[in-house]
Amino acid sequence: MFEAESRLPETQRMECVVIVTPNHLHYPVASAALARGFHVISDKPATLNLQECRQLATEVAESGCLYALTHPYTQYPMVREARDRVAAGELGTLRKVLVEYTQGWLSQAIEQDGQKQASWRTSPTESGASCCFGDIGVHAFNLAEFVTGLEVSRLSSCLRSVVPGRQLDDDGSALLEFSNGASGVLLASQVCVGEENNLHIRLYGDKAGLEWSQQEPNSLWLKYADRPSHLLRTGGSNLGTAAQAAARLPMGHPEGYIEAFANLYRQVAEQLRMGGAADYPDIRDALRGMAFIETAVASSAGGGVWLEFPAV
């Protein structure tokens, strides 16, 4: 397809490829696309391992093409509002970060019954070194860094396979230390029976706290010590520019996962058409996500030892 498209006139050929395959195919497809001058939007994690991701970063830089990574939770209006309020200092100095992503769909060994989505996610050759942290833990990690504007500097983790016979982890937790000294806890599990897609973040500074949940995405709670908590809602006129730009419907109408993906795709399209700075997850997010997965796996294998986050 890439060969055929690259032979077409510029006004007729494709501009961008979207990669939504199992993990082991992300890098070879992205590499082939970049080599022929096509922009890439890829599912996460970007590659099967950090070594591949470093090579991909080099190829992105050499190609001059755009690279976007689908961490769609960064594109919710109230997540962007949370990020802006943290950056504006409304929470003060951040002290504590609590983030979790819990599901229940892998609480049984459904991969043994041929369930395709479970089969590749629990396969080391197709998924990589981790199932749970590679699939959803990395979303929680990315959300924490996106909203706080901080980077994880070191971590200690415990990953385990709860379901008998499963080759990769389906449950895990990590203690985090951020670049400003704040501490954090990251929980991710796919064996929490009854949970759907419970991505939930809470931040606490020395002035205020905030809370957002993916299953109630139109609400952002701000919490204070000396006054009542404040509820912000998607579409409100009291929101910042980024949140208002990400909202598509009048207040009170549900917006969610599909709209978040649309916001990411729209930003890529706008950058292709008009240039300017990107405000979507890119190759650096890909590198940090892959580094998080490998560092967490290594820490767990070492009995939960604290490990420095690798430079990317």
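Modeller: Helix α10 (residues 283-301) lies across β5 (152-160), β7 (183-189) and β12, running at about 55° to β5. Helices (H or I, at least four residues) and strands (E, at least two) are DSSP runs, numbered from the N terminus. Angles run from 0 to 180 degrees between N-to-C directions, with axes as lines fitted to C-alpha atoms, for helices over the stretch in contact. Keep in mind that this is a predicted model, where local features need pLDDT of at least 70, side-chain atom pairs count only at pLDDT 80 or more, and totals for chains, interfaces and linings use all residues. Residues are numbered from 1 along each chain as its sequence is written, and side-chain values use heavy atoms, leaving out hydrogens and water.

Now the sheet itself: it's open, has nine strands with mixed pairing, and reads β11-β10-β9-β8-β4-β7-β6-β5-β12. Two strands pair if DSSP finds at least two bridges between them. At the edges stand β11 (230-233) and β12 (307-308), each with a single partner strand, so one side of each has no neighbour in the sheet.

Strand β10 (residues 219-224) runs antiparallel to β11, and four bridges join the two.

Terms used. Contact means heavy atoms within 4.5 Å.
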